[in-house]
Amino acid sequence: MRTRMGWTVATAPAIAAFFLGVLAAPYAAHAQAATVYKVDPFWPKPLPNKWSTQQFVDIYVDKEDHIWAINRATDARPDELGASTTPPRTECCVIGPEIVEFDADGSVLRAWGGKDYVPGWPGRLQTLGVDRDENVWISGTNPGDSIVKFSKDGKFLWDFGHRGPKVPPSQVKQNNQQTDTFPPGIAAFEFDEDAREIYIPDGFLNKRILVYDMDTGAFKRGWGGKGIPLSEIDNDPTPPYDPSGPPPDQTQFAPALHCAHPSKDGFVYVCERGSDRIQVFTKQGKYVKEFWIHPSTQSRGPHCGGIWSMTDPPCGTIYNLTLSTDPQQKYILVADGTNNMVWILNRNDGALVGSFGGNGHYAGQLHWIDSIAMDSKGNVYTGEVEDGKRIQKFVPVK
Amino acid sequence: MRIFNGWNDAFARAIPLFCFLIITVVPVARSQNVPVYVVDPSWPKPLPNHWLMQGVPVMVTDKDDHIWVFNRPRDINPDESGAGTTPPRTDCCIAAPAVLEFDTAGNVLKAWGGPGYVPGWPAEGNPKPGAGAEHNIQVDREGNVWLGGGARGDSIQKFTGDGKLLWEFGHRGARTPPGQQPQPLKQTNQNTDTFPNGIFFFDLDEDAHELYIVDQKRVLVYDMDTGVFKRGWGGHGIPLSEIDNDPTPPYDWKSGPPPDQMQFAPALHCVHISVDGLVYICERGSDRVQVFTKQGKFVSSFFVHPSTPARGPDCGGPGSTTFGMCGTIYNLTFSHDAQEKYVLIADGTNDKIWIQDRKEGTVAGSIGDDGRMAGQFHWIDAIAMDSKGNIYTGEVDTGKRAQKFILKNGDGKSRSRPHE
């Protein structure tokens, strides 16, 4: 059941039966139906200036309901860049700016940034955020990358620092106790602007959540899986498990940690992709609860492929999540780039109440969904990496 | 002498001004009533059974306006086939059967075929044949399905619409033994007994009971009932005996369009017969369409976007991280008005459909652009048209889609009479 048809698995078992297992509902029963979404296949408008659409690895909706996205250039292929040769080989395309701002209609409002835009531009962009002052923060996952802050027009404002050395990734080792530098780069971050804090899930290699002052960059606190103190986090590889069953309920976080998002009511939601799990904490790092997401999908171990793998599929179901924008933030929407679904959970009890997507390249399907965001009207935006290379908009229909 | 029906410098300059930025089309109208097409983003409907469509090198429509897609199941990658493991790693998917029949509403009517389906299926025994696998499909008036493959030893096989094997064209070359890399083949443009490279492209002339095949640097015609060779010719209509067996020389694409050479420049990417009995050959290696009589007499030719490199060392195939692709003529179809006023050319390098006035040879418009959104293309390779004038397209490499474009008037309303 593909959501460009406008349905989610939440609507009724009858719908699932009607669609005859096209995308079988993964859970037999659902709680109260959540919103149903329908893709807007004509959002966004084509990019101007022959800019190529590349991997939309992160999306953030600002207070004006403008959609900011990373159009990551590092995986562009020559067959997509024929207009950049001299003379041009083809009509389209060229590498465009890596930071793009869209309005709700899908028009580009601002676009800037890219390789060598400023010293310290991330080598491989992964995350962006837009604060209340409409400053744009970006980070990347190459060793030596950090967080850099810009005005919305792309003027450099501030560098978070804490950079590790620019070395090959294979030379970076786990160290979950030091909080001075981020040798693997900074894969993800999120603000808590009321507290002027920035949350960093340091978990592409390490296994911890760290909190810094978002104005000074000073370290404030951190914790590991289930809220253990930094001193108790081991620096060992995470053991594999038998994927014929769900991942074990272990104390240590299982990388990769793919997000940390504070809620309005003071909880922090951590994407523990290596365990198919969301862990919920207080802002002080006290463990509250956890939700497993489609744990029959292998979450880590051997036979897990990265993007472009020709031998193994990807693992883990929690690539990112967003909290719904209603006042109570009633739902969690999880981007699952392995099943290529958006799972909709009750934030309160974790019950699955809906889903949309499906593996494929058609409008409304997903290929390596990696990012998700919601605007104040409830529209959902998704971004795809690998050769998905799209940003899509899903509109609530009830 | 350079035959240059389709393009002149003015067009070459003007095209870039209007052809990008537009998902679905609507170039500047060069004449009245230029067809306008709008993508139908909800076609086809989701495939049943967790099937995932793979690369679509060729698709055709039949007399009932059903759309037949030949897709390559072995293109599937591990990140797409998680439902095929035991236990399933993910909710979806497995590769769809190789032959898929759709109605105009996008429902699957029939689905069959795939590796090992019958002896002699394309790229037999090769788990990852890539582009040299399932390739060409045609459906005759009786509803029989003809399939061709592009691996060593492949031929053409004829099936009922339900997938029962009826007949085998034969003329097979040698298969590459399992586990061995195929050795380079010498060109043999004089041999008409076998097709050592397989048969990538063919079409039927049912009135004459003839089967047209493009191969190496030539067009060959066989009896479609008996498989007996009838005639053949090379570029500009030269006899088979005058076709050289040498590599096609490269040219400096940065300095100008491909040279107007006598010999065909591979790859030849289609053969189609128009309503008025002319044979259209996609000469991708020259960015050119050559037009012949059915007896092989050269009639005309036109270049299509010849500023794009057509061949040479700077050409990348699927997955290349060093070069883009070359050539602008991946396939073509005719508009379905009575006169077939337009030729529509699938250009997988520019990821556009060029709409060309067939008689005037002028560019009338284009559809699509490079990208992953509905109405955009990534490696368009297949194009077909139904009797209502709707266009169907197929994409290879990682595009892996079939799309539908609906014919509209300039005001966006559906046309009752296509192209008139």
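What lies between β6(B) and β7(B), and which residue in the turn has a positive phi? The two strands form a hairpin with five residues between them, and B:Gly106 in the turn has a positive phi of about 95°. The sections below place this hairpin in its wider setting.

## Basis of the model

This is a predicted model, in which local features need pLDDT of at least 70 and side-chain atom pairs count only at pLDDT 80 or more, while totals for chains, interfaces and linings use all residues. Residues are numbered from 1 along each chain as its sequence is written, and chains are lettered from A and ligands numbered from 1 in the order in which they are written.

The model scores ipTM 0.89 and pTM 0.91. For chain A the mean pLDDT (the predictor's confidence in each residue, from 0 to 100) is 92, with 92% of residues reaching 70 or more. Residues 1-31 of chain A have pLDDT below 50, and this stretch has 69 contacts in the model beyond near neighbours in sequence; two residues are in contact if their C-beta atoms, placed from the backbone, lie within 7 Å. Chain B has a mean pLDDT of 90, and 89% of its residues reach 70 or more. In chain B the pLDDT is below 50 over residues 1-31, a stretch with 64 contacts beyond near neighbours in sequence. Residues 416-420 of chain B also stay under 50, and the model has 13 contacts for them beyond four places in sequence.

## Contact between the chains

Chain A contributes 48 residues to the contact and chain B contributes 47 residues. On the side of chain A that touches chain B there are 20 nonpolar, 16 polar and twelve charged residues. In this classification Ala, Val, Leu, Ile, Met, Phe, Trp, Tyr, Cys and Pro count as nonpolar, Asp, Glu, Lys and Arg as charged, and the others, Gly among them, as polar.

## Chain B and its hairpins

Chain B has one helix and 26 strands; helices (H or I, at least four residues) and strands (E, at least two) are DSSP runs, numbered from the N terminus. Of its 420 residues, 54% count as buried. A residue is buried if 20 or more other C-beta atoms lie within 10 Å of its own, exposed if 12 or fewer, and partly exposed in between, with C-beta atoms placed from the backbone. Among contacts in chain B with a separation of 6 or more, 52% join residues 24 or more positions apart.

Five bridges join β8(B) to the antiparallel strand β9 (residues 145-149), and B:Ile137 stands opposite B:Leu147. Strand β8 (residues 134-139) of chain B is mostly covered, with six of its six residues buried.

## Sheets of chain A

One open sheet of chain A has four strands in the order β10-β11-β12-β13, with antiparallel pairing. Strands β10 (190-192) and β13 (219-223) stand at the edges with a single partner strand each, so one side of each is left without a neighbour in the sheet. Strand β12 (residues 208-213) pairs with β13(A) over four bridges, and A:Val211 stands opposite A:Arg221.

Another open antiparallel sheet of four strands in chain A has the order β1-β24-β23-β22. Its edge strands, β1 (37-40) and β22 (369-374), each pair on one side only. Four bridges join the antiparallel strands β23 (residues 380-384) and β24 (residues 391-396) of chain A, where A:Thr382 stands opposite A:Gln392.

## Buried residues and cores

A:Tyr319 is found in the loop between β17 (287-292) and β18 (320-323) of chain A. A:Tyr319 counts as buried because it has 25 C-beta neighbours inside 10 Å. Its C-alpha atom is separated by 5.5 Å from that of A:Ala335, 16 residues apart along the chain.

The largest nonpolar core has 185 residues, and those with the most contacts inside it are A:Leu321, B:Met59 and B:Leu332. Such a core is a set of buried Ala, Val, Leu, Ile, Met, Phe, Trp, Tyr and Cys residues joined through C-beta atoms within 7 Å. A second, separate core of eight residues includes A:Trp51, A:Ala73, A:Leu81 and A:Cys93.

Conventions:
Pairing = 2+ DSSP bridges.
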